[in-house]
Amino acid sequence: MFDRFFFHASIADGTGRPVYQANVGIRNGKIAYIGSEIPEDSAETVTLSPQEVLCPGFIDSHGHSECYLFHDPTVAPKLKQGVTTEVSGNCGIGFAPVNPKYLAELKDNFEGVAVGVPFPEQWSAMTTFRGFLREVEELHTEINTAFYAAHGALRIAVKGYDSSPLTAEEKERMHRLLREAMEAGAVGMTTGFVYAPGTYADMDEIVGLCQIVQEYGGVYATHMRDEGDRVLSSVEESIEVARRTGVRLLISHHKVTGKTNARFIPEIHRLVNAARAEGLSVFLDQYPYSAGETTLNTTIPYRYLDGGNQKLLERLENPTLREEITQAILHNDGTWQNPLDSTGFDGMTVLHTKCHPECHGKSLEQLAAEWAIPPVEVIFHLLKENDGQVNCLLHFMTESDVETIFQSPLVSVCTDSLLFGDGVPTHPRGYATYPRILGRFVREKQLVPFEEAIRKMTSMPADLFSMKYKGRIQEGMDADLVVVNRETVIDRGDYQDPKAENEGIQMVLVAGEVVLDRGTLTHRHAGSVLRNRDGGWS
Ligand SMILES: [Zn+2]
Ligand SMILES: [Zn+2]
């Protein structure tokens, strides 16, 4: 007896194969039957309308949700987009392991990705990655979760925000921490080279760590050092890590910032194809927006971020240093990526500040005019008045360049979501990415066929992470499913109102349980923590 039976459903099975009709029987959380018969009775039969398509649940390879999960275990913003599995710990920013000595630094590091979301009480006790995964398990989340070990978190656990190279003994400790995380089930490791302390790592440090990731069949995902003027050398550097270690590489949130740099897109894809031809595993994922979001302190050269935000604010009180920092921002010496080089002061908009909501929605240039000070002083002023906690939107690409990248068969879909607390402005990508693609990129603009878009959301990320039972509608696979109305699906969230409800995500199932039923969240606690075991999954 099936638990649920989809009668004569239209199916986009995740492989890219054209939509076809079949019956689908679900039993014990698995897809037990696909075919034209009705082989046994079912506790419940579902008949979809002709516009509704049954797809594998979407797999978000870039979630940043570890803090948010403790606040909303339903993970409603993801679930309402059709996401059934989410991988967090991205961009070198992570929750564990905690070294209590450096908990303040870890909190500081995490502040920008969890604005307005309270840190969990038990955080300080998550001294091992295994302990962290256990805590997440206790939450009984509605969607499946998986986690990378984050290079920044490992480095903070060893030496806080100290920018000096690792000593042999520190390297050894970091390796031990990573090994513990991989043993516990981390899916790999991420780096964030534009954030402190990730930016202090050199090639040797990363290669040493990636050798361990490779031993466990994990993925190395990187927020590269430069996505703008020097993006090609960053791609080459990332591929070099894969070449030296054999690790599976994911270039995170693939983009090219700075409107004149779009010419690099074909060359990046050529480099990736050449690396694949060499036998390396190289992947790219992307969120479907021309603006990004990050913290304002990324406009400050790394060397002044040594010691964290508090140290930076102290440095800005010193007139000589302040002038030095001003010159370094205005005249980039080529040793770092300044997001302002891609956006200009008018393309960087304040999204959220700790203390000054009157600044929200205004560009740095606008604020400079209002306050009658140079735009670079606006940065210092905002950081000082908000304890360093300012998030910005970066308008650094054109829509058509985003669409060009999306069309490449090398590129899968992710959200890079920053899910913030109630009333805190944020980027819509965490709420609307999948409906946006299916409504705007597929139905309205026909950039790729519907089936290809579903492949980018399902089997592509499943294959990247070797999730053997996810990402496809086939017998024996996990019954993580989403029903999409392909005629109505659309995003309504934008930069002004990111949380506006999407349309056309009709039903979501996790492990065979209906967790979203035509607009209603059912709270079944159906999700699991997924652990990487020797390249397989449990
Ligand atoms: Zn990133
Ligand atoms: Zn990210």
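Where is the place of Pro-97? I found Pro-97 in the loop between β7 (83-88) and α3 (103-110). I take helices as DSSP runs of H or I with at least four residues and strands as DSSP runs of E with at least two, numbered from the N terminus.

Before going on, I note that this is a predicted model, in which local features need pLDDT of at least 70, side-chain atom pairs count only at pLDDT 80 or more, and totals for chains, interfaces and linings use all residues. Residues are numbered from 1 along each chain as its sequence is written, while chains are lettered from A and ligands numbered from 1 in the order in which they are written.

Cis peptide bonds. I looked up the bond from Ala-96 to Pro-97 and found it cis, with omega near 0 degrees. I then checked Ala-196 and Pro-197, which are also joined by a cis peptide bond, with omega about 0 degrees. Pro-197 sits in the loop between β10 (188-192) and α7 (203-215).

Positive phi. Most residues other than glycine have a negative phi, and most peptide bonds are trans. I looked up Val-75, which is not a glycine, and its phi is positive, about 50 degrees. Val-75 belongs to the loop between α1 (66-71) and α2 (76-79). I read Val-75 as buried, because 26 other C-beta atoms lie within 10 Å. The cut-offs are 20 or more other C-beta atoms within 10 Å of the residue's own for buried, 12 or fewer for exposed, and partly exposed in between, with C-beta atoms placed from the backbone.

I next looked up Asp-416, another non-glycine residue with a positive phi of about 50 degrees. Asp-416 is in the loop between β17 (411-413) and α16 (429-444). I count Asp-416 as buried, because 26 other C-beta atoms are within 10 Å.
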